[in-house]
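Keep the structure in view as you read.

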Amino acid sequence: MRKVIKFLLFSALVLLLVLIRAFEDLLFYDPYLTFFENDYLYVDSPRREIAKLVFYTSLRYVLNTAISLGILYVVFKDKSVIKFSSLIYGIAYVLLLIPFLYFVINPRQEDYYLFFNIRRFLIQPIGILLLLPAFYYYKLNR
């Protein structure tokens, strides 16, 4: 892949991640967006539809994951990197969704901070920030 095309693809994929974040209010059902923007430690949990919330949180995770895998492929062009990353994203989804569901079903004020951080891993593309430098370091040492 020529460097210009590679840079344009990388930029377009990063822009997609930014657009998902910029239009999250319009694209996804998430009553916790405004809840965590306010002084959430002193307020009750917002009303929510659990199935709808889990669906849209999962959809957002899948979109961020697909775009992140695209970024990894553009940067490394290695299918083994994509396979391993897909496995990591799949395991992370299962391990994060379990406590996410617990906190959604059983909201307690003392758990809000932990819930906030678990939710952040599900709705933000944090995985790419961990995997990109890790694979780059691995590639340098190979």
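A crossing of two helices is left-handed if the near helix is turned anticlockwise from the far one by less than a right angle, and right-handed if clockwise. The model shown here is predicted.

**Helix α7**
- Helix α7 covers residues 126-141, which makes 16 residues.
- From first C-alpha to last, α7 reaches 24 Å. That is close to the 22 Å expected at 1.5 Å a residue.
- Four residues of α7 are buried: Ile126, Ile128, Leu131 and Phe135.
- These buried residues pack against three helices: α4 (50-76), α5 (79-105) and α6 (112-123).
- An α-helix has 3.6 residues a turn, so residues three or four places apart point the same way.

**The crossing of α5 and α7**
- The axes of α5 and α7 come within 12 Å. They cross at roughly 145°.
- Is this crossing left-handed or right-handed? The crossing of α5 and α7 is right-handed.
- On the α5 side, Val81, Phe84, Ser85 and Tyr89 make the contact.

**Glu24**
- Glu24 lies in helix α2, residues 24-27.
- Why does Glu24 count as buried? Its relative accessible area is 9%, and buried means under 20%.
- Setting aside neighbours within four places in sequence, Glu24 is in contact with Leu33, Arg60 and Gln124.

Notes
Residues are numbered from 1 along each chain as its sequence is written. This is a predicted model: local features need pLDDT of at least 70, side-chain atom pairs count only at pLDDT 80 or more; totals for chains, interfaces and linings use all residues. Side-chain values use heavy atoms; hydrogens and water are left out. Helices (H or I, at least four residues) and strands (E, at least two) are DSSP runs, numbered from the N terminus. The expected span of a helix is 1.5 Å times one less than its number of residues. Buried means under 20% relative accessible area, exposed over 50%, partly exposed in between (1.4 Å probe, protein chains only). Contact means heavy atoms within 4.5 Å. Axes are lines fitted to C-alpha atoms, for helices over the stretch in contact, and angles run from 0 to 180 degrees between N-to-C directions.
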